[in-house]
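Open the model in your viewer and keep the selection tool at hand. Each stop below says what to pick next.

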Amino acid sequence: MRIRPFVLATSLMTAGLLALPGGTATAAPAPLADDFNGDGYRDIAVAAPDATVSGKELAGSVVVFYGSASGISADRRQTVSQSSTGIPGAAENGDRFGETLTTGDLDLDGHADLIVGTPREDVGADRGAGSLTVVWGGASGLGSGVTVKPSAVPDEGCAFAEGLSAGDTDGNGAADITVGSRCSAQYFQGPFTRQGVPLTHTRDHQLGTTRGAVTGSVDNDKAAERVMLPGLYSDDVGGRVYLDDWTQGQFKRTELTRADGTVGAIGDVDGDGYGDLVLGDDVDPEPDRPGAHLGGEISVWYGGPTGIDPGQTPTRINQDTAGVPGTGERGDRFGYTVSSADTNKDGFSDVVVGAPGENVDGKDFAGSVTVLLGSARGLSGTGARAIHQDTEGVPGAVEANDSFGAVVALADRNGDGKADLSVGAPGENGTGCTWNTRGTSVTGSFYLCADKLGVKGEYAAFGSVMSR
């Protein structure tokens with residue numbers, strides 16, 4: 001069955017730096033790397049990359065929801081596009097502003113900044129060269145923005161900023177940006193000036209096409225590690241995984257040769273004080289890749305005082321793992337998106353896995369998410385539960401092509417110490433919605449939908465991308 005276009009377009013989105021649970025020290029540049037207005041509550045940005053803006057189809061826009069003691073709501077929101085005052089560029093057909101998102105305090109002013117990729121944007125005569133925009137945070141929320149110039153001008157079709165991640169990878173206190181494209185990876189070292197100029201910027205000459213990255217600490221030192229995810233290739237069907245560790249003033253690269261993944265997140269699932277890398281590998285077995293798991297799977301690579309040992313045997317979890325609801329079936333896309341944080345305040349990071357291709361009650365691509373609980377023994381299927389639109393307490397109804405679980409994001413947005421879950425369903429109502437919880441309880445959960453937020457477009461794909 002054909003996967004909907006947005007699924008392919010966003011399958012290589014990655015998470016930024018994620019906080020570890022229970023007050024465990026991390027290498028994050030600020031306590032809240034996604035608090036745009038500095039009020040102490042975490043915010044979330046949700047993109048509608050196919051939205052119509054100023055009459056331009058597929059121009060793209062981003063809706064920001066500000067956290068509060070009661071969490072997020074439609075009442076505390078802001079919409080940002082290339083037609084917004086102070087945002088560089090102009091809304092144009094096919095730009096897809098917001099196709100990638102991440103956050104971090106780039107200028108060390110105590111407010112998180114929104115980092116937006118527009119990989120389909122034309123630059124001069126180069127079609128699809130791509131661009132990167134930073135929208136500055138402040139006491140009143142997001143304000144004006146700047147364009148961050150690449151260290152090497154992307155060529156036609158490079159799709160600069162097709163992958164994004166942010167975090168303090170060199171331990172100097174400022175967030176750095178890792179940018180992927182179909183030509184190379186590029187790195188921008190913070191702090192940044194308000195003109196968008198980084199401390200340094202370099203191009204990775206070892207990696208070609210690089211669709212994504214994950215940033216987070218796996219060894220509990222000042223500098224977060226950078227996990228590079230080049231993506232899928234005909235000669236590398238599992239997705240290569242490289243870990244870059246800042247050591248003695250430079251990055252040391254280690255290939256996790258036994259790892260497969262195109263998306264990832266970092267959280268301390270075993271509560272030992274070291275971040276663990278969770279990789280999603282949603283691709284079904286094929287003749288050239290018989291070892292893949294039917295329906296997809298995730299793997300957990302455990303961190304420690306020296307980081308991740310590439311020789312370890314990772315924990316692998318799929319829908320055929322004991323305790324995990326469902327059964328692995330072709331096209332489920334389990335592991336298409338992952339997020340990790342402590343949802344129940346027990347000191348262990350939990351993991352939410354999206355399976356937007358899941359058939360629910362005979363409805364193709366209805367989609368589902370699975371909540372996996374961390375413990376002192378690590379991640380397992382014990383206590384796992386599935387949530388979809390036919391789960392009791394979830395409002396709405398299960399429908400084909402909603403793609404519930406196309407993106408998942410965990411973060412404590414009301415300050416109660418429990419990470420709240422947001423799930424993207426970009427096919428819902430035709431234009432897209434997010435489903436949102438307090439913690440991961442379905443009681444009191446609610447939707448935020450494009451058609452109620454002023455997002456325009458026949459198929460806006462709202463909820464296909466989130467900052468995480």
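Predicted model: local features only at pLDDT ≥ 70, side-chain atom pairs only at ≥ 80, totals over all residues.

Stop 1: Now zoom in on β1 (residues 44–48) and β2 (residues 61–65), joined by five bridges. Pick I44: its bridge partner in β2 is F65.

**Stop 2: salt bridges.** The structure has 18 of them. Start with D34 and R413, whose closest N and O atoms are 3.9 Å apart. D34 sits in the loop between α1 (5–10) and β1, R413 in the loop between β24 (407–411) and β25 (420–425), so the pair ties together parts 379 residues apart in sequence. Both D34 and R413 are buried.

Next, select R96 and D50, a salt bridge at 2.6 Å, N to O. R96 is in the loop between β3 and β4 (100–104), and D50 in the loop between β1 and β2. Both R96 and D50 are buried.

Move to R194 and D107, paired at 2.9 Å, N to O. R194 is partly exposed at 40% relative accessibility; D107 is buried at 15%. Then select D50, R96, E99, R120, E162, R182 and R211: salt bridges with shared partners join them into one network.

**Stop 3: D245.** Find D245 in strand β14 (residues 236–247). Beyond its sequence neighbours within four places, D245 contacts residues including D219, D221 and E225.

Methods:
Residues numbered from 1 in each chain as written. Heavy atoms only, no water. Helix = DSSP H or I, 4+ residues; strand = E, 2+ residues; numbered from the N terminus. Contact = heavy atoms within 4.5 Å. Pairing = 2+ DSSP bridges. Salt bridge = Lys/Arg side-chain N within 4 Å of Asp/Glu carboxyl O. Buried < 20%, exposed > 50% of the residue type's maximum accessible area, 1.4 Å probe, protein only.
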